[in-house]
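Work through each task before turning to its solution.

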Amino acid sequence: MSQYDIDTKRKAAKSEVVEIEMDKYLQTLKQYWGYDAFRPLQPEIIQSIGDGRDTLGLMPTGGGKSITFQVPALTIDGVCIVVTPLIALMKDQVMGLRRRGISAAAVYTGMSFDQMNVAMDNCIYGACKFLYLSPERLATDFFKEKLCYMKVGLLVVDEAHCISQWGYDFRLSYLNIAEIREHIPNVPVLALTATATPDVANDIMTRLRFRQPNLFTKSFARPNIAYIVRKTGDKEQQMIHILNSVGGSGIVYVRNRKRTREFAEFLVANNINADYFHAGLSAEEKDRRQQSWTEGRTRVIVCTNAFGMGIDKSDVRIVIHMDAPDSLEAYFQEAGRAGRDGKKSYAVFLWNDDDPPKLRRNVTNSFPPIDEIKKIYNSFCNCNEIGVGYGEGFSTTFDIGKFCTIFHYSLTAVHYAFDLLDNAGYLDYEKEKDLPSRLMFLIGRDRLYAIERSYPQLDATIKATLRL
């Protein structure tokens, strides 16, 4: 038999194996989701994961990213760990999987220790197939200890552009993911994002320690969405006109929290069912408003960019931007929340002559001079009596308004200075008001003293906690 014949038989055998595996994935898709076929690019990514290869998938918003890991994970032995910064996405996808009879759990800030412990143990003992958690959780000793006993089949990194310093939304906590790979060296990683330039894509694969480059990308054209830039001297009346002209659910994006409430009240006054959403609301209030909009009881949500990522609502017909977003990538991400069901939808950017100077001011405000950042940081340390070379592990509730009043700083300058210090790793700037940490001793004094005597290594920790 010639070498040509041998090679031909090998190719045929390999093709047959691939077809058998794809049949398995199609059966899983049909069983749990009821679909008969995959969307474009989904089969290629799924097959790559099935072959055990590190994979980066660039897919537009609404392109079906979750299917690319949920389907193969159900055919792979072990738990699928999904890293995402979005608590809303965690909750949505966990509930969606459970409705389909698939075991899933999420670990996020606000859960009790017992709740987190049960979720982790369910993954260890095989009672849970999907575990969603934030990148910050990966760095905790609690998670690393549990990971040692967990059989992991797949690691998924959602919003993967956050790991790249060239990306528009870099987050330092994402660098924890590469360290976790050392504990699960043979587990393939699937990185997913809707927006990445070639430089960002290469940086993602490098930082996630891909064994070899492996990129799948889909056209970002969304032919069902009409992108419109409309110049107008009266944005409010144009917003009313557009929402009265286009039926269905909608999103209105603005740049600051105060305007979300003002515009929502304006819409209600004009007989349009609307509510507002921003990061300053309590967790309960955010959940209530998001659910009301998702279920169609609220037609229009007026929001900052804190809303939208991970929200799986397919019938959004209109997305309106009242202000220019930070970047083209951010705009595409936000506008892409329209028409995820493939039906005709509209993304409208309302523009006037005041916007260019506003954009220039936003750029200036977003990057305060380094001397000003140092000055703000020193004021913060002085305010909290933190000496040079000290402060590691220090935590405090930060009243930014009071701080600005005392030291005569611009609130905007302080906000962005702390954002930059956070991204650079100098401190952890938590902007959510509703996520405080609390600690309570549930045992009596005598029992506590007994623990201190039995475990001397805990003595310093217990005493420091009591003093606080």
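A search of the whole structure finds 19 salt bridges, a salt bridge being a side-chain nitrogen of Lys or Arg within 4 Å of a carboxyl oxygen of Asp or Glu. The model is predicted, so local features need pLDDT of at least 70 and side-chain atom pairs count only at pLDDT 80 or more, while totals for chains, interfaces and linings use all residues. Residues are numbered from 1 along each chain as its sequence is written, and side-chain values use heavy atoms, with hydrogens and water left out.

**Exercise 1.** Describe the salt bridge of Asp353 and Lys231, and state which parts it ties together.

*Solution.* Begin with the distance: the two side chains meet at 2.9 Å, N to O. Next, locate the residues: Asp353 lies in the loop between strand E13 (345-351) and helix H14 (355-366), and Lys231 in strand E8 (residues 225-231), so the pair ties together parts that are 122 residues apart in sequence. Helices (H or I, at least four residues) and strands (E, at least two) are DSSP runs, numbered from the N terminus.

**Exercise 2.** Decide whether Glu285 and Arg289 are buried, partly exposed or exposed.

*Solution.* First recall the cut-offs: buried means under 20% relative accessible area, exposed over 50%, and partly exposed in between (1.4 Å probe, protein chains only). Glu285, at 23%, is therefore partly exposed, whereas Arg289, at 9%, is buried. Finally, consider their pairing: the closest N and O atoms of this salt bridge are 2.8 Å apart, and both residues belong to a salt-bridge network that also links Asp275 and Arg288.
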